[in-house]
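Reader: I would like to go through this model feature by feature. Please start with the general idea each time, then turn to the case at hand.

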Amino acid sequence: MIPPIAESDLLLSLGVSALTVAAGGDDDSAGGGGPGDNDPGGAGDDHQIGIATKTRAKPKKPSQFKVLMLNDDYTPMEFVVMCLKRFFNMDLEQATRVMLHVHQKGVGVCGIFPYEIAETKVNQVMDFARQNQHPLQCTLEKA
């Protein structure tokens with residue numbers, strides 16, 4: 001058989017703290033819960049148990065930034081596709097589509113991320129291009 005649980009233990013197990021509120025003074029006050037008081041139980045218990053709640057402000061979503069890849073006349077298309085697959089987790093078809101957009105329009109969006117992630121991806125692409133002696137440029141702008 002499961003032992004009974006006190007109300008305060010139940011509230012705490014649910015992650016809620018109990019709050020005791022004095023309703024009308026001390027238990028030792030004049031009258032003390034006698035027949036003339038407005039105490040419906042007549043026991044002199046002037047405490048109530050309620051639930052203490054806190055309102056929390058929802059944190060706002062971080063600002064989003066577009067990672068842009070810029071076209072140049074020297075970086076091979078295959079290298080651009082490889083960067084898109086490696087750093088932006090695109091499949092071959094999507095990476096090819098973005099690469100062709102960059103090639104034809106001069107600039108293309110690789111993804112939209114919070115600032116720190118966008119900055120990291122720009123740096124990863126630029127470092128990788130530099131290591132492979134390609135002039136590929138990548139930048140970010142507010143979405």
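Predicted model: local features only at pLDDT ≥ 70, side-chain atom pairs only at ≥ 80, totals over all residues.

Reader: Which secondary structure elements does the protein have, and in what pattern along the sequence?

Author: Begin with the count and then the order. The protein has four helices and five strands. Along the sequence, they follow the pattern α-β-β-β-α-α-β-α-β.

Reader: What share of the contacts joins residues at least 24 apart?

Author: Of the contacts between residues at least 6 apart in sequence, 70% link residues at least 24 apart. As for burial, 24% of the 143 residues are buried.

Reader: How do the axes of H2 and H3 cross?

Author: For a helix pair, look at distance, angle and handedness in turn. Helix H2 covers residues 77-88 and helix H3 residues 92-105; their axes come within 9 Å and cross at roughly 125°. Angles over 145 degrees would count as roughly antiparallel and 65 to 115 as roughly perpendicular, so H2 is oblique to H3. The crossing of H2 past H3 is right-handed.

Reader: Which residues make the contact?

Author: From H2 they are Met77, Val80, Val81, Leu84 and Lys85, and from H3 they are Leu92, Ala95, Thr96, Val98, Met99 and His103. By class, the contact of H2 with H3 has eight nonpolar residues, two polar and one charged.

Reader: How many residues are in the largest nonpolar core, and which have the most contacts inside it?

Author: Take the size, then the centre of contacts, then the contributors. The largest nonpolar core has 25 residues, and Val67, Met69, Leu84, Phe88, Val125 and Leu136 have the most contacts inside it. At least two residues each come from strand E3 (64-70), H2, H3, strand E4 (107-114) and helix H4 (115-131). H2 gives the most to this core, seven residues.

Reader: What does Val125 touch?

Author: Setting aside residues up to four places away in sequence, Val125 touches Met69, Phe87, Phe88, Leu136 and Cys138.

Reader: Why is Lys66 classed as partly exposed?

Author: The class rests on relative accessible area, with buried meaning under 20% and exposed over 50%. Lys66 has a relative accessible area of 25%, so Lys66 is partly exposed. Lys66 lies in strand E3. Beyond its neighbours within four places in sequence, Lys66 contacts Val109, Gly111, Ile112, Thr139, Leu140, Glu141 and Ala143.

Reader: How many residues apart in sequence are Lys66 and Tyr115?

Author: They are 49 residues apart in sequence, and 8.9 Å apart in space, C-alpha to C-alpha.

Terms used
Residues numbered from 1 in each chain as written. Heavy atoms only, no water. Axes fitted to C-alpha atoms, helices over the stretch in contact; angles between N-to-C directions. Parallel < 35°, antiparallel > 145°, perpendicular 65-115°, else oblique. Left-handed = near helix turned anticlockwise from the far one by under 90°. Contact = heavy atoms within 4.5 Å. Nonpolar A, V, L, I, M, F, W, Y, C, P; charged D, E, K, R; others polar. Core = buried A, V, L, I, M, F, W, Y, C linked by side-chain atoms within 4.5 Å. Buried < 20%, exposed > 50% of the residue type's maximum accessible area, 1.4 Å probe, protein only.
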